[in-house]
Amino acid sequence: MKFFLDTANVEEIRRIARLGLVDGVTTNPSLIAKEGREFKEVIQEIAGFIHGPISAEVIGTTSEEMLMEAFDIADWAPNIVVKLPMTEDGLYATRALSEKGIKTNVTLIFTAAQGLMAAKAGATYISPFIGRLDDIGTDGIGLIRDLRTILHNYGMHAEIIAASIRHIGHVEQAALAGAHIATIPGALLPSLWKHPLTDAGIAKFLSDWDGRKPNL
Ligand code: E4P
């Protein structure tokens with residue numbers, strides 16, 4: 001499973017990237033706004049040290065606006081993926097961009113039908129939002145499972161990004177359900193390697209070591 005970081009915070013990405021665990025980055029307008037910095041500047045700074053796919057989202061709502069923005073964004077760095085919303089205009093733009101060889105990530109997917117449409121439109125990535133589905137009492141992980149089956153049934157090449165991840169259970173279940181990628185908020189990532197029993201085990205080993213008999 002590939003790990004993307006779901007953040008626009010350059011320092012956070014830099015810190016975690018040094019572990020060699022970051023395969024790519026996803027951003028969205030809310031994450032960019034949180035940084036209070038210029039969109040292009042943030043994306044280009046990330047592209048300066050992350051060589052995997054970096055999703056940057058359009059804010060236009062018509063296909064004309066989306067395409068105009070997309071052609072600009074796609075030029076910012078060689079590894080840019082244009083993120084588009086799951087709408088009729090978004091599907092049109094996805095098809096047009098895929099025909100030009102520009103990578104796309106169709107976002108805000110909440111049903112298997114939406115995922116199928118995005119994959120048929122030629123999306124490189126499709127992003128089901130599992131946390132937001134769980135928030136409304138729906139089975140987010142079930143959606144990942146269904147999408148994986150649909151892509152397999154028809155030999156479609158889109159990759160599933162498990163998005164809107166809230167806790168490590170989501171990462172584990174998304175991996176079991178066959179998501180190709182999990183995009184994870186930076187603050188959550190350390191909980192993937194931390195466990196209180198690991199910390200307690202280290203403390204016990206060290207105290208036993210300190211208390212060993214001389215010459216052993
Ligand atoms: C995915 O690409 C989105 O940026 C993200 O996962 C949304 O997550 P949220 O529901 O926590 O805002």
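Strand β3 (residues 54-57) is covered on both faces. I54 and A56 lie on one side, S55 and E57 on the other, and these four residues are all buried. The model is a predicted one.

**Strand pairing around β3**

β3 pairs with strand β2 (residues 24-26) in the parallel sense, over two bridges. In this pairing T26 stands opposite S55 of β3. β3 also pairs in the parallel sense with β4, over four bridges, and there S55 stands opposite V81 of β4.

Strand β5 is mostly covered, with five of its six residues buried. β5 is joined in turn to strand β6 (residues 125-128) by three bridges, and these two strands run parallel. The bridge partner of V106 in β6 is I126.

| Strands | Bridges | Residues facing each other |
|---|---|---|
| β5 and β6 | three | V106 and I126 |

**Crossovers**

β3, helix α4 (residues 63-74) and β4 form a right-handed β-α-β unit. Another right-handed β-α-β unit consists of β4, helix α5 (residues 88-99) and β5. From β5 the chain crosses through helix α6 (residues 112-120) to β6, and this β-α-β crossover is right-handed as well.

**K83**

K83 lies in strand β4 (residues 80-85). The UniProt annotation "active site", from an unreviewed entry, covers K83. Is K83 buried or exposed? K83 counts as buried because 25 C-beta neighbours lie inside 10 Å, and the cut-off for a buried residue is 20 or more. Leaving aside residues up to four places away in sequence, K83 touches N28, S55, A56, E57, V58, N105 and T107.

**Ligand shell**

The residues around the ligand are D6, T26, N28, T107, S127, F129, G131, R132, A163, S164 and T183. By class, the shell divides into two nonpolar, seven polar and two charged residues. N28 and T107 are in this shell, and N28 and T107 are also touched by K83.

**E159**

E159 lies in strand β7 (residues 159-162). E159 is partly exposed because 18 other C-beta atoms lie within 10 Å, whereas a buried residue needs 20 or more. Beyond residues up to four places away in sequence, E159 touches T124, Y125, H180 and I181. E159 and R148 are eleven residues apart in sequence, and their C-alpha atoms are 8.9 Å apart in space.

**Whole chain**

The secondary structure of the protein chain comes to ten helices and eight strands. Its C-alpha trace spans about 75 × 40 × 30 Å along the principal axes. Of the 216 residues in the protein chain, 38% are buried. Among contacts between residues at least 6 apart in sequence, 54% join residues at least 24 apart.

Key:
Residues are numbered from 1 along each chain as its sequence is written. This is a predicted model: local features need pLDDT of at least 70, side-chain atom pairs count only at pLDDT 80 or more; totals for chains, interfaces and linings use all residues. A residue is near a molecule or strand if its C-beta atom, placed from the backbone, lies within 6 Å of it. Ala, Val, Leu, Ile, Met, Phe, Trp, Tyr, Cys and Pro count as nonpolar, Asp, Glu, Lys and Arg as charged, and the others, Gly among them, as polar. A residue is buried if 20 or more other C-beta atoms lie within 10 Å of its own, exposed if 12 or fewer, and partly exposed in between; C-beta atoms are placed from the backbone. Two residues are in contact if their C-beta atoms, placed from the backbone, lie within 7 Å. UniProt positions are given in the numbering used here, feature names are shortened, and annotations may be inferred rather than shown by experiment. Two strands pair if DSSP finds at least two bridges between them. A crossover is right-handed if, with the strands pointing away from the viewer, the path from the first strand over the helix to the second runs clockwise.
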